[in-house]
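This briefing is meant for a reader meeting the structure for the first time. Please look over the sequence and the model before reading on.

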Amino acid sequence: MFQQLTPLAEQFPWITYSDLWTLAGVCAIQEMQGPIVPWRPGRTDKDVTMCTPDGRLPDATKEQSHLRAIFGRMGFDDREIVALSGAHALGRCHTDR
């Protein structure tokens with residue numbers, strides 16, 4: 001997905017990667033005939049030190065406080081965390097891609 005977003009980030013330098021990721025999620029939900037999700041820009045990108053190391057995903061066996069701890073420091077609120085988690089679940093529907 002990063003490869004698809006990079007040309008957009010270069011073409012529209014005023015939009016942050018944080019906004020691009022959330023906008024991509026909103027567009028994906030709408031393309032799947034899901035609800036219209038209100039979206040507005042304004043998220044800021046954080047330094048890479050705020051992110052988990054590559055290949056390290058949240059532990060799916062833990063409670064919501066674990067997701068809040070990980071994604072909250074990246075600026076995600078509860079609604080965005082749910083959308084991100086749901087998108088990962090939907091992505092498993094098409095294992096051939």
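In which helix does Trp21 lie? Trp21 lies in helix H2, where helices (H or I, at least four residues) and strands (E, at least two) are DSSP runs, numbered from the N terminus. This is a predicted model, in which local features need pLDDT of at least 70 and side-chain atom pairs count only at pLDDT 80 or more, while totals for chains, interfaces and linings use all residues. Residues are numbered from 1 along each chain as its sequence is written, and side-chain values use heavy atoms, with hydrogens and water left out.

**The chain as a whole**

- The secondary structure consists of four helices and zero strands, and the order of the elements from the N terminus is α-α-α-α.
- Of the 97 residues, 16% count as buried, a word that here stands for under 20% relative accessible area, with exposed meaning over 50% and partly exposed lying in between (1.4 Å probe, protein chains only).
- The chain exposes about 7800 Å², of which carbon and sulfur atoms supply 59%; accessible areas come from the Shrake-Rupley method with a 1.4 Å probe, and for residues only the protein chains shown count as cover.
- Among contacts (heavy atoms within 4.5 Å) with a separation of 6 or more, 29% are made by residues 24 or more positions apart.

**Helix H1 and what covers it**

- In helix H1, which spans residues 2–11, the buried residues are Leu5, Thr6 and Ala9.
- Seen down the axis of H1, these buried residues fall within an arc of 115°, so they line one face of the helix; the arc is that of the directions from the helix axis to the C-beta atoms.
- The face turned away from the buried side of H1 carries the exposed residues Gln3, Gln4 and Gln11, whereas the cover over the buried residues includes helix H2 (17–31).

- Tyr17, which has its place in helix H2, counts as partly exposed at 26% relative accessibility.
- Beyond its neighbours within four places in sequence, Tyr17 is in contact with Phe2, Thr6, Ala9 and Asp45, and the C-alpha atoms of Tyr17 and Thr6 are separated by 8.5 Å.
- Trp21 is partly exposed, with a relative accessible area of 39%, and together with Met1 and Phe2 makes a nonpolar surface patch of about 340 Å².
- Patches are made of residues with over 30% relative accessible area and no salt bridge, like charges being joined within 9 Å and nonpolar side chains (Val, Leu, Ile, Met, Phe, Trp, Tyr) within 5 Å.

**Salt bridges**

- A salt bridge is a side-chain nitrogen of Lys or Arg within 4 Å of a carboxyl oxygen of Asp or Glu, and by this rule the count comes to three.
- Arg43 forms a salt bridge with Asp19, with the closest N and O atoms 2.8 Å apart; the pair links distant parts of the chain, since Arg43 is in the loop between H2 and helix H3 (64–72) and Asp19 is in helix H2, 24 residues apart.
- Asp19 is buried, with a relative accessible area of 3%.
- Arg43 also forms a salt bridge with Glu80, the closest N and O atoms being 2.6 Å apart; Glu80 lies in helix H4 (residues 78–91), so the pair ties together parts that are 37 residues apart in sequence.
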